[in-house]
Amino acid sequence: LKRVLCTTCNYPLATCVCEHISQVDLPAEIIILQHPKEAVHAKNTARLLSLVSPEIKVINTGQDHLLNELNHRIDKEAALVFYPSNESKGFEGEFVSDPIQPKHLIFIDASWRQAYGIWKSHSWLSECKNVHFTHPPASQYLIRSAKLQHQLSTLESVAYSLNCLYQTPVEPFYQALAGFQKHWLTYS
Ligand SMILES: [Zn+2]
């Protein structure tokens, strides 16, 4: 049976999220490094995120030239990479209170194992400021809870960090997530 897609949000009509979307202007460049397996995952939140903030950049980590381009383009002194490495620092402390606000926020959209692989194979990421959350809010994203236990979804990570750094309202992000999730609970 051919599924009919909404021409605006591109989700199947039965699970259209348009009524839950209000767009947000980004105060910094948001870059999502997405593992190719996440791109095809139906419960992935990066696609939902790009409806809330169309300027967001989702980069497929299978495309090396795109990562090289990014490596040469961004100002690493003004870039935060959200990844809990051995050297990462707590985001909620010095980075949130720093009057010099970052220009690029980089997130890795992948499982823990895949994220580790991405971090290891692109060593320039560690030349950026590397941070992890120390006091994240509880995740509202219940439909992937087994996988994401104690971890925020990519959408929630973006919303939380923007709110901490620039007081960007989180409601549009959480509304989109709730609308998306409601469909899954209804139809699955
Ligand atoms: Zn729609």
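Colleague: Which residue forms a salt bridge with Arg73, the closest N and O atoms being 2.9 Å apart?

Modeller: Heads-up, this is a predicted model: local features need pLDDT of at least 70, side-chain atom pairs count only at pLDDT 80 or more, and totals for chains, interfaces and linings use all residues. Residues are numbered from 1 along each chain as its sequence is written, and side-chain values use heavy atoms, with hydrogens and water left out. A salt bridge means a side-chain nitrogen of Lys or Arg within 4 Å of a carboxyl oxygen of Asp or Glu. With N and O 2.9 Å apart at the closest, the partner of Arg73 is Glu29.

Colleague: Which residue in strand 2 does Glu29 also pair with?

Modeller: Helices (H or I, at least four residues) and strands (E, at least two) are DSSP runs, numbered from the N terminus. Glu29 has a salt bridge whose closest N and O atoms are 2.9 Å apart. That pair links strand 1 to strand 2 (residues 57-60), 28 residues apart, and the strand 2 partner is Lys57.

Colleague: Is Glu29 buried or exposed?

Modeller: Buried means under 20% relative accessible area, exposed over 50%, and partly exposed in between (1.4 Å probe, protein chains only). Lys57, at 36%, is partly exposed, and so is Arg73 at 47%. Glu29 has 15%, so Glu29 is buried.

Colleague: How many of the 13 residues of helix 7 are buried?

Modeller: Among the buried ones are Thr154, Val158, Leu162 and Tyr166. Helix 7 is largely enclosed by the rest of the structure, because the buried count is 12.

Colleague: Which residue's backbone oxygen lies 2.7 Å from a polar atom of the side chain of Asn130?

Modeller: Asn130 is in strand 6 (residues 129-132) and counts as buried at 10% relative accessibility. Leaving out residues up to four places away in sequence, the residues in contact with Asn130 (heavy atoms within 4.5 Å) include Val81, Ser85 and Trp119. The backbone oxygen 2.7 Å from a polar atom of its side chain belongs to Tyr83.

Terms used:
Polar contact = N/O pair within 3.5 Å; in protein donor to acceptor, adjacent residues only side chain to side chain.
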